[in-house]
Structures are given as C-alpha cells and as structure tokens.
Amino acid sequence: MSAGLTLDGLFRRAGVRNAHATALADPPHRATFTDGARRRLTYAQADRAISAFAATLRGLGLHTGTIVGLQLPNTVESVIAFLGTVRAGMVAAPLPVLWRRQDMVEALGRAGARAIVTAARIGETRHAELAMEVAAELFPIRQICAFGADLPDGVVPLDGVFAGGAADTPAQRLGDVSAQVVAMTFDMSADGIVAVAHDHAHLLEAGVALAEAAGLA
C-alpha cells in the first residue's frame, strides 16, 4: 500500500482516469426500502456530490476531526456521505440500519459524535425522526442531516448535494493523513457497545483483500 494514500485520493485517482465512467449505481429495488428515484453517477458527478456534501458539513460549523454518525441504506447516498465526511476531514461512523434509539444513543454517546446523517425513510421507519429523538438525548449532537423529502423541522436537507457546483473543501490535517482515524465502527462486548477506530490504511487494505478475493478488475 502506498504511503500517504487515502480513500478520497484513491477515488479521485480513479475519477481522473474514468471521469465519464459509471462510479455508483443504486440497486433496482431501491423504491422498496427508501425514498427517491434511482441514481446512477459517473466519477465526475460523484466527485462533485462528494465536494458538495463536504461543503455542507463545513457550512454547519462542524470542524476537522468531528465524528459524524451515518445511518443510511445501501444506496448512492451512503457512499457520497461516507466519502464526503472524509473529504471534510471528519470521521465517518456508519451505524447499522436496524439499530434503534437505545443502541444509537449508546454508540454515538461513547464515540462523542456531533452530527447524524440519515435518510427520511429506511424500510417502514422514519429515520430522520429517529435521529431527532437520539439528538434529544445526546447534547453534543447539534446537527441532523437527511436525504429525502418530508423531513422534520430542524433537519438539514441533503438532496441538493447532487446539484453539484460546491467549492472543494479538502481536509486540513497535518502529518501523514493516511495514518489518521477516518472511520469508526462498533463492536458488541460484555460491557456494551465499543467504538473501534480505523485509519485509511486499514480500510484500503480490507478493500484490496475483498477485490482480490472476488477477482475484481
């Protein structure tokens, strides 16, 4: 693995070579589990959406190193949100979509999250409303953002990131960025939910292993 390589840098490298190739595509059955039409983005379109998402987080007053909880279904938005959080210099903390209030409060409280990004609906659950309930119990969480329509008052809408046009907002971090924490996942232990930190290298190595095992070009 090349020193200094980051998730965002790898995505942008692929985009330079394949700007008009398809980068992300929703599953055909998207409408059965969340709102919004199916999306299909080229690398260039995805890169603009990632920058717009990063700019949105920065515009909300969130700072470098902020932990952002992500509870999103298997859609284009989930990738845009993850890479957008990384591009903003923050730490993405994906949450299982089946988690409800108690698990989310415990995990995000222990992690010290300050924002939640979700979807208006995942399955039959109104996740934007669920995020509001979680924020009501966790004082450090000051921002709730969501993709989709009919959002509760106070939730920042995110569908506009696909319009593009936002200025780039690269991470402002010192030292070897690839060795810094970029994501946080959660394990279950006898003492409850435990936050596990990951740097770029950990995630890239895992991705390479999966690609090789699957024989992906």
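Residues are called buried when their relative accessible area is under 20%, exposed when it is over 50%, and partly exposed in between, using a 1.4 Å probe and protein chains only. By that scale R101, at 36% relative accessibility, is partly exposed. The structure is a predicted model, in which local features need pLDDT of at least 70 and side-chain atom pairs count only at pLDDT 80 or more, while totals for chains, interfaces and linings use all residues. Residues are numbered from 1 along each chain as its sequence is written, and side-chain values use heavy atoms, with hydrogens and water left out.

Salt bridges make a handy way into the fold. Here the term stands for a side-chain nitrogen of Lys or Arg within 4 Å of a carboxyl oxygen of Asp or Glu, and by this rule the count comes to ten. One of them joins R101 to E137, with the closest N and O atoms 2.4 Å apart. This pair links distant parts of the chain, since R101 belongs to helix α4 (residues 101–111) and E137 to helix α5 (residues 127–137), 36 residues apart. Helices (H or I, at least four residues) and strands (E, at least two) are DSSP runs, numbered from the N terminus.

A second bridge connects the side chains of E77 and R39, at 3.2 Å from N to O. Again distant parts of the chain are linked: E77 sits in helix α3 (residues 76–87), and R39 in the loop between β1 (22–25) and β2 (40–42), 38 residues apart. E77 is buried, with a relative accessible area of 3%, whereas R39 is partly exposed at 23%.

E106 is partly exposed at 25% relative accessibility, and R110 is partly exposed at 47%. Elsewhere, salt bridges that share partners join D8, R12, D47 and R87 into one network.

Helix α4 also has a buried side. M104, V105, A107, L108 and A111 are buried there, and what covers the buried residues of the helix includes β3 (67–71), β5 (115–119), α5, β8 (181–189) and β9. Just after α4, G112 takes a positive phi of about 80 degrees.

Strand β9, one of those covering elements, spans residues 192–199 and contains D199. D199 is buried, with a relative accessible area of 14%. A polar atom of the D199 side chain lies 2.8 Å from the backbone nitrogen of H202.

Finally, there is the packing of two helices. Helix α1 (residues 7–17) and helix α2 (residues 43–59) pack at an angle of about 145 degrees, and their axes are 9 Å apart. Axes are lines fitted to C-alpha atoms, for helices over the stretch in contact, and angles run from 0 to 180 degrees between N-to-C directions. In this pair, F11, R12, A14 and G15 of α1 meet Y43, A46, D47, I50 and S51 of α2, where contact means heavy atoms within 4.5 Å. By class, the α1–α2 contact has five nonpolar, two polar and two charged residues.

Conventions:
A polar contact is a pair of N or O atoms within 3.5 Å; within protein, one must be able to donate a hydrogen and the other to accept it, and residues adjacent in sequence count only if both atoms are side-chain atoms. Ala, Val, Leu, Ile, Met, Phe, Trp, Tyr, Cys and Pro count as nonpolar, Asp, Glu, Lys and Arg as charged, and the others, Gly among them, as polar.
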